[in-house]
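Hello,

Here is the structure we talked about, with the sequence. My notes on the helices follow below it.

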Amino acid sequence: MQAKIVKRNLGGLTRVSDPHEDIRVFKSTDYGRFVFADENRPIYQAHVAKLKQSIEENGYLRERPIDVVTRGDKLVITDGQHRFTVCKEMELPVYYVVKEDSPEEMAKAIRVINAYSRAWKEPDYMRHFVALGLAPYLKLQKFMKDHDIGISAAMGLLASGGLNISNPRDLKHDFRTGNLVFDDAAVERASMLMLPVNEIRNFHERLMPIRKDPAFIKALLVMTSSPRYEHERFLKNLATNIESCVSCTSMGKYMLVLEGI
């Protein structure tokens with residue numbers, strides 16, 4: 001006889017219970033035993049607040065246990081860190097399922113689960129792969145800090161080998177799948193390209209509102225990379241035309257401003 005499969009509707013979600021599946025749900029109020037995975041995204045308090053409100057109105061669904069893997073005497077949360085945070089703050093029992101995943105499988109599960117539950121942003125992927133110790137992401141993080149620029153500008157510069165500033169094809173996909181690649185030579189070349197750019201960005205306090213704008217940085221890179229560009233001459237002209245440097249909506253418009261100077 002075919003095993004009976006029971007479906008239960010849980011507020012739009014359906015849990016399928018198969019008698020042949022040996023899934024044990026545990027319960028604990030020993031909050032100190034649970035730890036967050038470094039590879040996971042940070043806690044978003046707005047999401048915590050929404051979950052609290054839902055629990056206050058509908059009760060806590062123990063049918064939604066969190067997923068953990070054992071690491072020594074600790075339970076590393078791979079899915080459900082927001083639910084765990086709510087349980088801890090509301091002093092509710094934590095329902096959890098123990099998975100038997102390798103570190104690699106755990107990291108992949110974190111990416112996949114979060115991609116479907118709440119879309120990751122670039123900083124979430126960055127934090128994830130830095131926590132995994134992937135060399136290109138560690139170099140990217142350092143480059144961003146050294147030059148005080150955002151992910152997209154730094155990534156485009158480094159992934160192109162520091163030879164140009166156009167974003168390589170499929171760069172975003174490579175970044176989000178952990179396949180970003182560049183070497184130390186690319187970092188050195190990109191750092192050299194950023195020298196005149198950084199001097200301009202820090203030239204006057206009037207530039208502070210736009211100094212981190214990726215479009216402004218890209219326009220500066222185009223200009224300073226031109227064989228006709230004269231740095232000292234530009235700085236001299238900038239000193240007397242600083243009021244013309246205002247926020248623009250595109251790299252093209254910034255280029256017009258820079259050409260005017």
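**Helix α9 and its surroundings**

Helix α9 (residues 214-225) is twelve residues long and spans 16 Å from its first C-alpha to its last, close to the 16 Å expected at 1.5 Å a residue. Please keep in mind that this is a predicted model.

The buried residues of α9 are Ala215, Phe216, Ile217, Ala219, Leu220, Leu221, Met223 and Thr224. The elements covering these buried residues include α6 (151-159), α8, α10 and α11 (251-260).

**Helices α8 and α10**

Two of the helices that cover α9 also pack against each other: α8 (residues 184-201) and α10 (residues 231-240) have axes 11 Å apart, at an angle of about 15°. Because that angle is under 35 degrees, α8 counts as roughly parallel to α10. Their crossing is right-handed. On the α8 side the contact involves Pro196, Glu199 and Ile200, and on the α10 side His231, Phe234, Leu235 and Leu238. By class, these are five nonpolar residues, one polar and one charged.

**Helices α1 and α2**

Helix α1 (residues 45-58) and helix α2 (residues 81-90) cross at roughly 60°, and their axes come within 9 Å. This crossing is right-handed. From α1, the residues in contact are His47, Val48, Leu51, Lys52, Ile55 and Glu56; α2 supplies His82, Arg83, Thr85, Val86, Glu89 and Met90. The contact of α1 with α2 has five nonpolar, three polar and four charged residues.

Regards

Terms used:
Residues numbered from 1 in each chain as written. Predicted model: local features only at pLDDT ≥ 70, side-chain atom pairs only at ≥ 80, totals over all residues. Heavy atoms only, no water. Axes fitted to C-alpha atoms, helices over the stretch in contact; angles between N-to-C directions. Helix = DSSP H or I, 4+ residues; strand = E, 2+ residues; numbered from the N terminus. Left-handed = near helix turned anticlockwise from the far one by under 90°. Contact = heavy atoms within 4.5 Å. Nonpolar A, V, L, I, M, F, W, Y, C, P; charged D, E, K, R; others polar. Parallel < 35°, antiparallel > 145°, perpendicular 65-115°, else oblique. Expected span 1.5 Å × (residues − 1). Buried < 20%, exposed > 50% of the residue type's maximum accessible area, 1.4 Å probe, protein only.
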